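Trainee: I would like to learn how to read a model of this kind. Please take me through it feature by feature.

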There are 2 protein chains.
Amino acid sequence: MPRRKAETGLEPNRRAELLRAAARLFVDKGFDATTTRDIADAVGMRSGSPFYHFRSKHELLKTAMVEGLDAGYARLLAAIDGITDAEQRLRVLVRTHLGTLLEGECHSPMLLGETRALDAAARVEIAAAFDRYQVPWQATLDELAQAGTIASAASPVRLLLFGMLNWSKHWYRSDGKLSLDELADSAVALLLGGMMTSTRPSRHVPATEP
Amino acid sequence: MPRRKAETGLEPNRRAELLRAAARLFVDKGFDATTTRDIADAVGMRSGSPFYHFRSKHELLKTAMVEGLDAGYARLLAAIDGITDAEQRLRVLVRTHLGTLLEGECHSPMLLGETRALDAAARVEIAAAFDRYQVPWQATLDELAQAGTIASAASPVRLLLFGMLNWSKHWYRSDGKLSLDELADSAVALLLGGMMTSTRPSRHVPATEP
DNA sequence: CCTACCGATCGGTAGG
DNA sequence: CCTACCGATCGGTAGG
């Protein structure tokens, strides 16, 4: 049974497959530890073929980040559409962000300090995508500050918030006791200074990462 | 003028130099992107010589992390010595941690997801060192929760706190407008829900990382 | 998108 | 701690 060959028009998305595979591998193993052969294997290509779609491994990373960030941004906008209450909107932003970060099929490259592998031009593109991503966050924080719900919406607040969310990549286990909803609640509660819901007291000396 | 050769006894610390150089390089470039030649260069050795002191590049990473963590722990204990007020103690923990992370000459490996490059045995050693590091933090959070200063000292709180601090590695610039003291204040204020000190209102759309 | 391949680099070792 | 070196791997390319 010979392999089909007339499918060129039916499967135009090898590029997208490559991006998803690359993103997942970069997240799991890191950019440098991932070989272009790993990526090719993941989509059933031979070692040289990814270079038919992308000029270089770096371009693969840059594109995965920019498109991943933009996809996350779109998901964010869709999720908060029509929500006028700022506190509720923050809650949805946080939960949606964590979903993208921790349970996305493959998207979630948007984090990582892997950016350091890239040159200045690529970093500028990524920074622009991330700037877009941050707009609804800052707007919501500004609203909350104006309403007095949080004490300040100064720049460090947003950065600290992203920090506590993004760092969860290093310790959160989807098979653990903490659900994503609970994690989102904890983060929002910490930010708003409210009471924690549904988390129990803890022992010290666990066995995870910083 | 021939090189000195009788100094063997006077310079027993090539090992420590290697560790400091490796730690800095691992932090700056990542484990995989750092070559053993980079490390050798950094301390003026030839390419094969680091292997006289360490069995492998992985052992260099593991040792740098464990010893860096323990050094940070010692610094923590020294800094909080005698401080009975829990809120004040938290403040000092945060500021000391940020100092280690962001302004330490070379120590500050203690972070990073570079751990993923290591095998299970090495990860256990690092987890143990990190558990030690976390003890004074959890104890302080427990005190604050008991006093009602924070709503909960459940496990996610500590992890979220470390997240917001450690993530600063990705965006904090020591030559920027924000001092380490101000950053520490912001983080503590966010956790305690108090008022921010000395930070000004912000525009959205900055140009940094997640 | 495959085959075949190259130049460069890298972690690590032998043998002083 | 150096010299000399090796085997393996890796990003990328030519040429269909």
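Trainee: What should I know about the numbering and about the kind of model?

Mentor: Residues are numbered from 1 along each chain as its sequence is written, while chains are lettered from A and ligands numbered from 1 in the order in which they are written. This is a predicted model, in which local features need pLDDT of at least 70 and side-chain atom pairs count only at pLDDT 80 or more, whereas totals for chains, interfaces and linings use all residues.

Trainee: What is the mean pLDDT of chain A?

Mentor: pLDDT is the predictor's confidence in each residue, from 0 to 100. For chain A the mean is 87, and 84% of the residues reach 70 or more.

Trainee: How many helices and strands does chain A have?

Mentor: Helices (H or I, at least four residues) and strands (E, at least two) are DSSP runs, numbered from the N terminus. Chain A has eight helices and zero strands. Of the contacts in chain A with a separation of 6 or more, 66% are between residues 24 or more positions apart.

Trainee: How do I check the span of a helix, and what does α1 of chain B give?

Mentor: The expected span is 1.5 Å times one less than the number of residues. Helix α1 (residues 14-29) of chain B has 16 residues and should span 22 Å; its end C-alpha atoms are 22 Å apart, so the two agree. After α1(B) comes B:Gly30, with a positive phi near 95 degrees. In chain A, α5(A) has 17 residues and reaches 24 Å from its first C-alpha to its last, close to the 24 Å expected.

Trainee: Is B:Trp137 buried or exposed?

Mentor: A residue is buried if 20 or more other C-beta atoms lie within 10 Å of its own, exposed if 12 or fewer, and partly exposed in between, with C-beta atoms placed from the backbone. B:Trp137 has 20 other C-beta atoms within 10 Å, so this residue is buried. B:Trp137 sits in helix α6 (residues 120-146) of chain B and touches B:Leu93 and B:Arg158, leaving out residues up to four places away in sequence. By contrast, B:Gly82 is exposed because 5 other C-beta atoms lie within 10 Å. B:Gly82 belongs to the loop between α4 and α5 (86-102) of chain B. Of the 210 residues of chain A, 39% count as buried.

Trainee: What covers the buried residues of α7(A)?

Mentor: Helix α7 (residues 155-166) of chain A is mostly covered, with eleven of its twelve residues buried. The cover includes α5 (86-102), α6 (120-146) and α8 (180-192) of chain A, together with α7 (155-166) and α8 (180-192) of chain B. In chain B, the buried residues of α1(B) pack against α2 (36-42), α3 (50-53) and α4 (57-80).

Trainee: Which residues have the most contacts inside the largest nonpolar core?

Mentor: A nonpolar core is a set of buried Ala, Val, Leu, Ile, Met, Phe, Trp, Tyr and Cys residues joined through C-beta atoms within 7 Å. The largest has 98 residues, and those with the most contacts inside it are A:Ala22, A:Ala187, B:Ala22 and B:Ala187. Apart from neighbours within four places in sequence, B:Ala22 is in contact with B:Ile39, B:Leu60 and B:Ala64.

Trainee: Which residues are closest to DNA strand C?

Mentor: A residue is near a strand if its C-beta atom, placed from the backbone, lies within 6 Å of it. DNA strand C is surrounded by 15 residues, the closest being A:Arg14, A:Gly48, A:Ser49, A:Tyr52 and B:Gly48. Around DNA strand D there are 15 residues, of which A:Gly48, B:Arg14, B:Gly48, B:Ser49 and B:Tyr52 come nearest.

Key. Two residues are in contact if their C-beta atoms, placed from the backbone, lie within 7 Å.
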